[in-house]
Amino acid sequence: MTNKLITYSAEETKNFGQKLSAHLQPGDVVCLFGNLGSGKTCLAQGICRGWGVQEPVVSPSFTLLNEYTARHPVYHFDLYRLKSPSELLNIGFEEYLYGEGLVLIEWPENAGSQLPQDRLDIFITIRSPEEREFKMIPVGGFPMDWDIL
Ligand SMILES: Nc1ncnc2c1ncn2[C@@H]1O[C@H](COP(=O)(O)OP(=O)(O)OP(=O)(O)O)[C@@H](O)[C@H]1O
Ligand SMILES: [Mg+2]
């Protein structure tokens, strides 16, 4: 059993996201850690494709949140420009975290202690221009079916 997966193209990453999406439930929180250009949005695109999102999925660069409509809502956060975790209080972050939608968070490290106890952390590493490593760490009570990898 391993909690690591390597992809060799953006499309492969999207396919992995789509596969992973079948194991996610409304209310789940997925944190996407990784450097600029590592593939956080790409993975989010695959997850959203799996959930039937029709709108284009892009990094919500100038807003902190993009909200998509699918079978259930998807809340796609990009906290790159967040100046302080306390800003999250103003946008009702907690209500999204404990709501009825799937929550995807890019740059989750910027949320400090405001990340929920139960979540799936995914750490992405750039290994070469086209090669990415995904390391999955379920946190708290997050259920993980490793057979999907
Ligand atoms: N195996 C791969 N998986 C994902 N993306 C890849 C892969 N190989 C190359 N890429 C390229 O890497 C880039 C990943 O961009 P993406 O916007 O997903 O990164 P990001 O982590 O969201 O960056 P940012 O922090 O700026 O939001 C894309 O240009 C994509 O084509
Ligand atoms: Mg991004």
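How many residues lie between strand 3 and strand 4 in their hairpin? Keep that question in mind as you open the model; the tour reaches the answer at its second stop.

**Before you start**

This is a predicted model, in which local features need pLDDT of at least 70, side-chain atom pairs count only at pLDDT 80 or more, and totals for chains, interfaces and linings use all residues. Residues are numbered from 1 along each chain as its sequence is written, while chains are lettered from A and ligands numbered from 1 in the order in which they are written.

**Stop 1: the sheet**

Colour the strands first. Helices (H or I, at least four residues) and strands (E, at least two) are DSSP runs, numbered from the N terminus. You will find an open sheet of seven strands, ordered 1-7-6-2-5-4-3, with mixed pairing; two strands pair if DSSP finds at least two bridges between them. Strand 1 (4-7) and strand 3 (65-68) are the edge strands, each pairing on one side only. From one strand to the next, the twist averages 20 degrees. As background, strands of a sheet pair through backbone hydrogen bonds, either parallel or antiparallel.

**Stop 2: the hairpin**

Select strand 3 and strand 4. Here is the answer to the opening question: five residues lie between them in the hairpin. The two strands run antiparallel and are joined by four bridges. To see one, pick Tyr-68, whose bridge partner in strand 4 is Val-74.

Stay on strand 4 (74-78). Five of its five residues are buried, so strand 4 is largely enclosed by the rest of the structure. A residue is buried if 20 or more other C-beta atoms lie within 10 Å of its own, exposed if 12 or fewer, and partly exposed in between, with C-beta atoms placed from the backbone. Show the side chains: Val-74, His-76 and Asp-78 point one way, and Tyr-75 and Phe-77 the other way.

**Stop 3: across to strands 5 and 2**

Now step to strand 5 (102-106). Strand 4 and strand 5 run parallel, with five bridges joining them, and Phe-77 has Ile-105 as its bridge partner. Ile-105 also stands opposite Cys-31, in the parallel pairing of strand 2 with strand 5, which has four bridges.

Strand 2 (29-33) is mostly covered, with four of its five residues buried. Four bridges join strand 2 to strand 6, again in a parallel run; look there for Leu-32 opposite Ile-122.

**Stop 4: strands 6 and 7**

Select residues 119-128 for strand 6 and 131-139 for strand 7: nine bridges join these antiparallel strands. Ser-128 stands opposite Glu-131.

Next, zoom in on Asp-121 in strand 6. Is Asp-121 buried or partly exposed? Asp-121 is partly exposed, because 18 other C-beta atoms lie within 10 Å. Leaving aside neighbours within four places in sequence, Asp-121 is in contact (C-beta atoms, placed from the backbone, within 7 Å) with Cys-31, Phe-33, Ile-137 and Val-139.

**Stop 5**

Show helix 1 (10-21) and helix 2 (40-50). Helix 1 lies across strand 1 and strand 7, at about 140 degrees to strand 1. Angles run from 0 to 180 degrees between N-to-C directions, and axes are lines fitted to C-alpha atoms, for helices over the stretch in contact. Helix 2 lies across strands 2, 3, 4, 5 and 6, running at about 165 degrees to strand 5.

Nine of the 11 residues of helix 2 are buried, so helix 2 is largely enclosed by the rest of the structure. Its cover includes helix 1 and strands 2, 3, 4, 5 and 6. After helix 2 comes Gly-52, with a positive phi near 85 degrees.

**Stop 6: the core**

Select Val-30, Leu-32 and Leu-104: of the 34 residues in the largest nonpolar core, these touch the most other members. Such a core is a set of buried Ala, Val, Leu, Ile, Met, Phe, Trp, Tyr and Cys residues joined through C-beta atoms within 7 Å. Helix 2 gives the most to this core, with five residues. Leu-32 has contacts beyond four places in sequence that include Leu-43, Ala-44 and Ile-124.

**Last stop: ligand 1**

Finally, show ligand 1. The shell around it holds 18 residues, the closest being Thr-13, Gly-39, Lys-40, Thr-41 and Cys-42; a residue counts as near if its C-beta atom, placed from the backbone, lies within 6 Å. Helix 1 and helix 2 are the elements that give two or more residues to this shell.

Note on methods. Contact = placed C-beta atoms within 7 Å.
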